[in-house]
Amino acid sequence: MPQVSMTVNGQAVSGEVEGRTLLVDFLRETLRLTGTHVGCDTSQCGACVVHLDGESVKACSVFALAAEGGQVTTIEGMASPDGSLSVLQQAFQDHHGLQCGFCTPGMIMSASDLLQKNPSPSEHEVREWLEGNLCRCTGYHNIVKAILAAAARMRGEPDPDFGGAIAAE
Amino acid sequence: MAKDFTVGEGVKRREDVRFLTGRGNYTDDINRPNQLTCVFLRSPVAHGKITKLDIAAAAAAAGVVRIFTGDDIAAAGLGSVPCGWEITQTNGEKMVEPAHPILAHGKVRHVGDPIAAVLATSRDAAKDAIEKIDLEIEELPAVIDMKKALTQASTVHDEAADNVCFDWDFGDKAATDAAFANAAHVTTLELVNNRMVPNAMEPRAAIGEYEPTTEQHTLYTTSQNPHVIRLLMGAFVLSIPEHKLRVVAPDVGGGFGSKIFHYAEEAFVTWAAKQVGRPVKWTCERSESFISDAHGRDHVTTAELALDADGKFLGLRVDTLANMGAYLSTFAPAVPTYLHATLLAGQYTTPAIHARIRAMFTNTVWVDAYRGAGRPEATFLLERIVDKAARELKMDPAELRRKNFIPKDAFPYDTPVALTYDTGDYEATLAQGLAMADYANFETRRAESARRGKLRGIGLSCYIEACGIAPSALVGALGARAGLYEAATVRVNPTGSVSVFTGSHSHGQGHETTFAQVVAERLGIDQSAIEIIHGDTDRVPFGMGTYGSRSLAVGGSAIVKAVDKVIDKGKKIAAHLLEASADDIVFEDGQFKVAGTDKAKAFAEVSLAAYVPHQYPIEELEPGLEENAFYDPKNFTYPAGTHICEVEVDPDTGVVDVLGFWASDDFGNVVNPMIVEGQVHGGVVQGLGQAFIENCAYDENGQLPSGSYMDYAMPRADQFPRFSVETSPGSTPCTHNPLGVKGCGEAGAIGSPPALVNAVVDALKDYGVEHLDMPLTPRRVWSAIVAAKPAEAATQAASAPAAAPSASASPSGTGGLLSRLFGGKKN
Amino acid sequence: MYDFSYAKPGSLSEATAAMAAEGAQALSGGQTLTPTMKQRLAQPTTLVDLTGVAELRGISVADGVVEIKGATRHAEVAGSAEVQAAIPALADLAGRIGDPQVRNRGTIGGSVANNDPSACYPAAVLAMGATIMTSTRALSADAFFTGMYETALDEGEIVTGVKFPVPDAASWQKFVQPASRFSLVGVFLAKYGSDVRVGVTGASEGGVFRHQGLEQALSGSFDPSAVDGVAVSASGMIADLHGTPEYRAHLIKVMTKRAVQALK
């Protein structure tokens with residue numbers, strides 16, 4: 001069987017795969033990084049979004065062998081080494097941007113790609129960017145709110161007024 | 001110890017950290033040593049006889065360990081997948097209840113019916129082998145359309161010659177007929193409540209495991225109610241007693257009803273693990289879930305509303321065909337009956353209501369509870385027909401509703417469909433909704449849209465639900481084969497920390513946070529000292545699970561009951577420690593105090609004394625501080641609200657653009673407003689998804705063209721505006737549970753569909769469009785515009801009021817809920 | 001999916017050699033091919049991943065022609081300042097294919113070679129009379145697309161790039177299929193002098209096509225009202241859950257009109 005090597009969350013990893021092994025299966029089954037989820041089989045839901053060489057991709061639509069030599073970041077690599085949440089993760093908690101948590105890793109990985117490309121997205125741009133991420137719980141309202149808040153915090157600004165309750169400290 | 005938060009605050013969710021860091025533990029994240037992967041061969045046709053099923057070549061394929069078919073299941077004598085609710089028909093006979101085999105035997109009845117199960121060392125190996133199974137099916141005519149099914153020669157089950165599962169009626173037919181005879185105006189509406197695919201983002205999964213030395217079975221499964229699965233599967237399918245069966249529902253990625261039910265795959269992997277001596281894991285693929293998860297809704301209804309000359313509702317008549325699909329799912333018969341017909345009064349004083357419900361078998365996936373379950377169907381038909389009546393009578397839809405509201409001083413209020421609403425204030429809620437939506441200035445906005453060539457519309461929906469199911473004696477009398485209480489155990493550990501074991505199951509609702517808020521408030525201790533444990537039958541003593549917006553109202557009440565028992569026992573221990581009478585001990589702010597003195601013992605001191613009973617009233621009191629409680633509700637809870645939707649329709653394309661959505665809701669007391677708002681947002685998008693996006697359509701052959709995300713449109717972020725969600729100023733705490741809470745999980749999905757459809761019909765008012773069936777896809781809206789009559793059609797006067805109406809009968813009976821449900825009903 | 005062997009050549013010649021194998025299939029972004037293979041609807045014996053071929057990546061604009069190499073990703077086209085300046089409608093099209101993650105992987109070569117009847121790029125390729133460059137030849141757009149999922153490509157032939165003659169003006173109007181995010185109907189209108197070309201995707205059972213009637217009417221009078229007089233037949237249009245043939249025919253006119261309005 002072919003061997004594949006890549007860097008995942010800063011660590012060099014390798015393993016045996018078949019040609020047909022998808023990146024998401026390599027992450028989940030070989031590396032046991034189960035934070036990356038599989039929510040569909042037609043590349044619509046975005047629960048499997050990871051970063052490959054700095055860009056968000058759907059790990060269900062990339063073969064493991066195509067990521068040979070690549071830099072992969074998964075949800076497990078998003079918090080600080082001391083375990084504290086990133087600005088984006090923290091904004092999701094503060095604005096209740098998740099409920100069941102299943103779509104959440106893909107949302108975080110997708111949104112972080114947006115914010116590195118566009119530090120000041122409009123609400124409309126956030127909503128359009130999330131075209132490839134489905135959520136069945138939140139109605140997207142608080143996800144959009146959280147992403148806009150994270151963008152503001154990264155710019156050193158207060159959370160924009162979006163109405164509604166936010167988490168008490 | 002100072003409390004770090006209280007009930008009523010938007011406390012951050014403690015469960016979020018694990019989900020935000022990829023450390024959730026969903027069923028598919030679990031791998032058991034030496035496990036096999038199970039893949040099912042599913043029927044490619046809707047209806048047919050299996051004439052050949054040769055597994056020899058597949059069994060010899062690489063990686064395959066074992067293949068099972070329906071013959072194996074029959075030979076093992078396994079039970080049918082059970083139905084948990086039995087309906088007694090109008091003629092006194094029981095509903096038709098055909099067997100639902102774990103694997104199809106002889107006949108397939110829907111696309112997706114499992115025929116064989118391949119157990120292999122990998123999913124790919126199993127799938128490679130499935131292609132080697134030699135299957136031949138002699139196709140039979142598919143029963144798909146419910147109206148045709150009544151007279152179709154083909155039958156889904158031999159037991160039901162006309163494909164009717166039950167024919168059931170409810171309410172006072174004679175009084176309703178009399179109301180119509182006296183009506184000044186009758187509004188009639190035929191409508192479809194479209195079928196939905198629940199689509200929790202986590203696909204279902206199940207792992208079965210067996211330990212031969214102890215004869216212990218374990219099932220890990222994506223369930224909203226692990227104890228119910230243990231009961232149904234253990235007792236009815238596999239004959240495994242509870243003490244030998246553990247069901248674990250770990251983190252579950254959304255349910256929306258679809259993970260209430262006991263599914264054949266769960267029973268199969270549990271059974272198969274013992275047969276092959278290895279753990280067996282099945283993970284549903286999304287396209288597979290479209291043909292194997294219970295669907296929702298799917299009613300075809302004719303409704304008639306009788307009004308007097310002033311617009312007062314006199315009577316409502318409903319005739320519904322409700323799709324059951326190919327087999328009866330766990331709660332399916334309850335949905336169109338006791339969760340639907342009982343809600344037909346809505347927020348109104350309609351004195352006479354009659355409903356006939358025929359449940360139909362079809363060659364489709366079964367239909368069962370989906371977020372709201374029966375109540376959205378009732379609300380949709382009611383809020384649509386009320387809106388149509390207003391249009392016909394040239395009345396403002398808000399005014400017609402207001403005129404018919406149950407006044408706030410009329411509670412408790414007995415409806416003619418057997419419910420007793422405990423409390424409500426519908427006028428205050430409507431008024432807030434209208435103010436939020438700036439309803440008064442809508443016509444200005446409509447004119448502005450018109451200048452851009454767009455058609456603007458606004459729609460109202462005033463919904464009511466019955467949540468917190470339910471008094472067990474009541475539902476038992478109505479056919480439920482289980483009680484519907486909830487259980488809780490509160491274990492105070494020696495040093496004063498608290499472990500709460502709840503039978504509710506959180507799959508997005510945030511119980512770990514909300515329940516901790518409730519307990520912290522009640523015990524006056526820090527939330528960090530409280531752990532909420534759920535989802536494992538070996539850890540949690542018992543439970544009925546989470547559905548029907550019941551967790552806080554029923555599960556939370558059970559926790560409160562257990563906490564209060566702990567406090568009572570603590571008072572006795574404290575009395576001993578403080579050398580006072582237990583009657584003189586009060587519990588305040590986490591301290592047991594002797595009333596009127598400064599003598600006190602902290603909560604943790606008392607708990608330590610309970611476990612280190614050196615100085616302890618050992619002759620009167622057992623050591624330890626742990627209490628169980630079962631809470632059985634006295635009544636349903638009745639959340640209610642006004643939802644308003646504003647849309648713009650592009651007449652060139654039929655595209656509906658949702659411009660605004662406003663919700664004013666009365667959920668009684670609110671423990672965590674942040675979580676409550678989130679529940680409403682999610683519910684609203686599910687309801688709006690049903691109303692204008694999601695289209696689960698079978699073709700005449702029983703194939704499902706919308707069987708994947710390539711064709712089944714899921715709501716996306718860019719299709720919605722910001723929502724405005726407020727608590728009604730007329731909120732009324734529930735009168736009969738200790739928290740005064742009503743439940744919020746389903747409201748959004750109940751209130752929103754009619755609001756959107758009413759808005760689109762309003763937008764198309766000059767086209768004479770009186771009704772559109774959901775989903776209001778661009779193609780459907782455009783077709784209606786094209787087919788529309790000239791504008792005159794819209795302005796045709798409704799029939800002029802005729803004779804003065806007779807005095808309407810006032811709702812009768814104030815007896816208990818149970819006797820009222822039986823009144824005029826021969827169940 | 002069925003297993004296969006995976007090859008990642010580093011040059012076009014290596015890629016061409018790998019494609020010569022029986023059952024070989026080119027893999028570019030894989031955003032359509034991978035889901036298709038998951039459904040076991042394709043069974044290549046070898047996948048030849050073209051994304052490692054440097055010659056197949058890049059965008060250049062010169063002499064009134066925009067050339068996009070075959071393995072260039074949609075996001076690169078959408079974000080290219082050169083494309084935005086030369087043919088903003090093309091950047092707009094690329095920026096609205098699928099979703100951000102699809103655009104981070106999917107490529108123009110994969111899109112035109114697959115010729116999905118609802119894919120976006122073929123409409124632009126056809127409307128601008130682009131030239132499809134392959135490992136062996138250059139093909140005109142009119143000759144390239146031969147039917148639903150059908151192209152003039154031979155076995156083993158690789159799309160190496162697409163050359164778009166820069167129009168005087170162009171507009172992309174996409175009416176999105178709500179589930180897949182492909183085009184339910186997409187109209188790419190390009191104007192060269194008074195000549196107008198209208199490429200339509202998503203609508204026809206025959207795949208992407210040019211609408212002669214609309215082109216003639218708009219070449220005669222470039223005004224939205226010119227669209228009104230054109231009959232767009234529903235015959236041969238796709239019927240599915242999302243649109244009847246009549247609806248699609250209607251949308252072609254609406255989208256074309258909007259394209260004209262956008263350029264007025």
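The radius of gyration is taken over C-alpha atoms, and the globule rule sets it at 2.2 Å times the number of residues to the power 0.38. The legends below describe views of a predicted model.

Figure 1. Chain B agrees in radius of gyration with a compact globule. A compact globule of 827 residues would have a radius of gyration near 28 Å, and chain B has 28 Å, which agrees. Chain B has 22 helices and 28 strands. Of its 827 residues, 62% are buried. Among the contacts in chain B with a separation of 6 or more, 81% join residues 24 or more positions apart.Figure 2. The C-alpha atoms of chain C fill a box of roughly 55 × 45 × 30 Å along the principal axes. The secondary structure of chain C consists of 12 helices and 14 strands. Buried residues account for 58% of the 264 residues in chain C. Of the contacts in chain C with a separation of 6 or more, 60% are between residues 24 or more positions apart.

**Figure 2. Helices H3 and H5 of chain A pack against each other.** H3(A) covers residues 104-117 and H5(A) covers residues 141-154. Their axes come within 11 Å and cross at roughly 40°. The two helices are therefore oblique to each other, and the crossing of H3(A) and H5(A) is right-handed. On H3(A), the contact is made by A:Met107, A:Ala111 and A:Leu115. On H5(A), A:Ile143, A:Ile147, A:Ala150, A:Ala151 and A:Met154 take part. By class, the contact of H3(A) with H5(A) has 8 nonpolar residues, no polar and no charged ones.

**Figure 3. Helices H11 and H12 of chain B pack at an angle of about 165°.** H11(B) runs over residues 397-404 and H12(B) over residues 426-436, with the axes 10 Å apart. An angle over 145 degrees counts as roughly antiparallel, and H11(B) is therefore roughly antiparallel to H12(B). The crossing of H11(B) and H12(B) is left-handed. H11(B) brings B:Ala398, B:Arg401 and B:Arg402 to the contact, and H12(B) brings B:Glu427, B:Leu430 and B:Leu434. These residues divide into 3 nonpolar, no polar and 3 charged.

**Figure 4. Chain A touches chain B.** In this interface, 51 residues of chain A are in contact with 52 residues of chain B. Helices H2 (87-94), H3, H4 (123-129) and H5 of chain A each supply at least two residues of the side that touches chain B. That side of chain A has 25 nonpolar, 18 polar and 8 charged residues.

**Figure 5. Chain A touches chain C.** Here 23 residues of chain A are in contact with 20 residues of chain C. Strand S4 (55-58) and helix H3 of chain A each supply at least two residues of the side of chain A that touches chain C. S4(A) gives the most to this side, with 4 residues. By class, the side of chain A that touches chain C has 8 nonpolar, 8 polar and 7 charged residues.

Note on methods:
Residues are numbered from 1 along each chain as its sequence is written. Chains are lettered from A and ligands numbered from 1 in the order in which they are written. This is a predicted model: local features need pLDDT of at least 70, side-chain atom pairs count only at pLDDT 80 or more; totals for chains, interfaces and linings use all residues. Axes are lines fitted to C-alpha atoms, for helices over the stretch in contact, and angles run from 0 to 180 degrees between N-to-C directions. Angles under 35 degrees count as roughly parallel, over 145 as roughly antiparallel, 65 to 115 as roughly perpendicular and the rest as oblique. A crossing is left-handed if the near helix is turned anticlockwise from the far one by less than a right angle, and right-handed if clockwise. Two residues are in contact if their C-beta atoms, placed from the backbone, lie within 7 Å. Ala, Val, Leu, Ile, Met, Phe, Trp, Tyr, Cys and Pro count as nonpolar, Asp, Glu, Lys and Arg as charged, and the others, Gly among them, as polar. A residue is buried if 20 or more other C-beta atoms lie within 10 Å of its own, exposed if 12 or fewer, and partly exposed in between; C-beta atoms are placed from the backbone.
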